[in-house]
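Biologist: Please put the model up, and then we will go through it by question and answer.

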Amino acid sequence: EIEKRALNLLGEPPVKKACLSKLSAEKLKSIEKFAIWEKCIVGKNDIPIARLIKKLENGDWVNQGRKYIYSGTKCPFCQKDTIDDDFRKQLESFFDEEFEKDVEEVKDKKEEYIREKANVLSAINDLVKQDFEEDEKLLIQHLYESLEKCIQTNESNMDDKIKEPGKKIIINCSDKYTDEINAIIDKKNNE
């Protein structure tokens, strides 16, 4: 009898909810802080052609133009006989292994960034389906959209770095958005 009355008065005993997992955005953050974004990736300095390329500050343009120098002696731009084997060797020496390695690293980091972006955004989409108050859901959605814009800007800047390795770029930190979402998760887990 007492148990029935207690059940009527107090209702069912509370059920402990499972804790929500926090976002794991460490890989995203480490890629954003990678030093290569602020590095001017340029060729060797001890090649005769290097002084001219550096003086004109057109290493990226020369690098892009390398693909147009096939065979023969005609310059693909001015159409004059100015290309010889020595010139080709100087170009290949200017854009040495270290240059190629750095450019490849930029491409690899961008691909890794895209994979991590997909993981983080997917986790946020799953999170919104959880039992949050409406205002919390709206805040998470707003943070999601801000994070997505930040990442898109970073991807665009990374594309610029791939096209022009000699250019320094700015990569914005996305952790302010993920940290705020994690704070909402902490608050929910502590309720």
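Biologist: Is Lys39 buried, partly exposed or exposed?

Modeller: This is a predicted model, in which local features need pLDDT of at least 70, side-chain atom pairs count only at pLDDT 80 or more, and totals for chains, interfaces and linings use all residues. Residues are numbered from 1 along each chain as its sequence is written, and side-chain values use heavy atoms, with hydrogens and water left out. Buried means under 20% relative accessible area, exposed over 50%, and partly exposed in between (1.4 Å probe, protein chains only). Lys39 has 31% relative accessibility, so the residue counts as partly exposed.

Biologist: Which residue does the side chain of Lys39 meet in a salt bridge?

Modeller: Side chains of opposite charge can pair when their charged atoms come close. A salt bridge is a side-chain nitrogen of Lys or Arg within 4 Å of a carboxyl oxygen of Asp or Glu. For Lys39 the N to O distance is 3.9 Å, and the partner is Glu98.

Biologist: How many residues apart in sequence are the parts that Lys39 and Glu98 tie together?

Modeller: Helices (H or I, at least four residues) and strands (E, at least two) are DSSP runs, numbered from the N terminus. Lys39 is in the loop between α2 and α3 (48-56), while Glu98 is in helix α6. The pair therefore ties together parts whose separation in sequence, in residues, is 59.

Biologist: Which residues are linked with Lys39 and Glu98 in a network of salt bridges?

Modeller: Glu98 is partly exposed, at 47% relative accessibility. The network holds Lys39 and Glu98, and its other members are Lys101 and Asp102.

Biologist: What separates Glu112 and Lys109 along helix α6?

Modeller: Glu112 and Lys109 form a salt bridge, with their closest N and O atoms 3.5 Å apart. Glu112 is partly exposed at 24%, whereas Lys109 is buried at 18%. The two are 3 residues apart in helix α6, so the separation is about one helical turn.

Biologist: How many salt bridges does the rule count?

Modeller: Another pair is Asp160 with Lys167, whose closest N and O atoms are 4.0 Å apart. Asp160 is partly exposed at 25%, and Lys167 is partly exposed at 33%. By the rule, the count of salt bridges is 11.

Biologist: Is Glu136 buried or exposed?

Modeller: Glu136 lies in helix α7. Contact means heavy atoms within 4.5 Å, and, leaving out residues up to four places away in sequence, Glu136 touches Ile184, Lys187, Lys188 and Glu191. Its relative accessibility is 7%, so Glu136 counts as buried.

Biologist: How many disulfides does the structure hold?

Modeller: A disulfide is a pair of cysteine sulfur atoms within 2.5 Å. The sulfur of Cys150 has its closest cysteine sulfur in Cys173, 7.7 Å away, which is too far for a bond. Cys150 is buried at 8%, and Cys173 is partly exposed at 30%. The number of disulfides is 0.
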